[in-house]
Amino acid sequence: MKNIDLAKKIKELRSRKGMSQDELAEKSQLSLRTIQRIEGGVTEARGDTLQRLAKALNVTPDELIDWTESEDRGFLVVLNLSALSFVAFPILGIVVPLALWMLKKDKIKYINETGKRLLNFQISWCILVMFFSIFPIVT
């Protein structure tokens, strides 16, 4: 989440409750400068600071932070193309897509379904290739 989004949300909630920055600082037990930096988008509230702000504004931390997934079809294409890394070394066809999937698994729509299907195919393909390498078909 961008600092600007969080800053707007906190400023909007503070204004809606009729609080000044000084009152919010006092109620949340944070410094006025910290409140100014957060609302200005200079720093992002994390951990304890976020919990204190949420408590002072009578909301949950989840209401302050937007946890929505973005839609990035470009990354899904890269994920699918990463399966071609098996050309360099067969196990890379599993490792590279797995690493990319784990990196973005909760941040992009449809990545879980795509990643699971892709890895299922890659693992099945590797097992099949190893089986026929060990036990070649004798005709």
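This is a predicted model: local features need pLDDT of at least 70, side-chain atom pairs count only at pLDDT 80 or more; totals for chains, interfaces and linings use all residues.

Reader: OK, and what do Arg-14 and Glu-39 form with each other?

Author: They form a salt bridge, with the closest N and O atoms 2.6 Å apart; the term stands for a side-chain nitrogen of Lys or Arg within 4 Å of a carboxyl oxygen of Asp or Glu. In general, side chains of opposite charge can pair when their charged atoms come close.

Reader: Which helices do the two come from?

Author: Arg-14 is in helix α1 and Glu-39 is in helix α3, 25 residues apart, and so the pair links distant parts of the chain. Helices here are DSSP runs of H or I with at least four residues, numbered from the N terminus.

Reader: How many salt bridges are there by this rule?

Author: The count comes to four. Another one joins Arg-52 and Asp-48, whose closest N and O atoms are 2.9 Å apart, and these two residues both lie in helix α4, four residues apart, which is about one turn of the helix. Arg-52 counts as partly exposed because its relative accessibility is 30%, and Asp-48 is also partly exposed, at 44%.

Reader: Switching topic: how many residues does the largest nonpolar core have?

Author: The largest one has 18 residues, and those with the most contacts inside it are Ile-10, Leu-24, Leu-53, Leu-57 and Leu-64. A nonpolar core is a set of buried Ala, Val, Leu, Ile, Met, Phe, Trp, Tyr and Cys residues joined through side-chain atoms within 4.5 Å. The helices α1 (3–16), α2 (21–28), α3 (32–39) and α4 (47–56) each supply at least two residues of this core, and α4 gives the most, with four residues. Apart from this core lies another, of 11 residues, among them Ala-83, Ile-111, Leu-119 and Cys-126.

Reader: And what does Leu-24 touch?

Author: Not counting residues up to four places away in sequence, Leu-24 touches several residues, including Ile-10, Arg-14, Ile-35, Glu-39 and Leu-53; contact means heavy atoms within 4.5 Å.

Reader: Where does Gln-122 sit?

Author: Gln-122 is in helix α8, residues 111–134, and counts as buried because its relative accessibility is 4%. Its side chain reaches the backbone oxygen of Ala-83 at 3.5 Å. Leaving aside neighbours within four places in sequence, Gln-122 is in contact with Ala-83, Phe-86, Gly-93 and Ile-94.

Reader: What do the buried residues of α8 pack against?

Author: They pack against α6 (73–81) and α7 (92–104). Besides Gln-122, the buried residues of α8 include Leu-118, Leu-119 and Cys-126.

Reader: Last topic: how many aromatic pairs does a search of the whole structure find?

Author: The search finds three. Phe-121 and Trp-125 form a stacked pair, at 6.4 Å centre to centre with 10° between the planes; rings of Phe, Tyr and Trp (its six-membered ring) pair if their centres lie within 6.5 Å, and planes under 30 degrees apart count as stacked, over 60 as edge-to-face and the rest as tilted. Both residues lie in helix α8, four residues apart, with Phe-121 exposed at 52% and Trp-125 partly exposed at 39%. The rings of Phe-131 and Phe-135 have their centres 5.4 Å apart and their planes at 55°, so that pair is tilted.

Reader: Which residues form one aromatic cluster?

Author: Phe-131, Phe-132 and Phe-135 form one cluster. Of these, Phe-131 is partly exposed, with a relative accessible area of 43%, while Phe-135 is exposed, at 52%.

Notes: Residues are numbered from 1 along each chain as its sequence is written. Side-chain values use heavy atoms; hydrogens and water are left out. Buried means under 20% relative accessible area, exposed over 50%, partly exposed in between (1.4 Å probe, protein chains only). A polar contact is a pair of N or O atoms within 3.5 Å; within protein, one must be able to donate a hydrogen and the other to accept it, and residues adjacent in sequence count only if both atoms are side-chain atoms.
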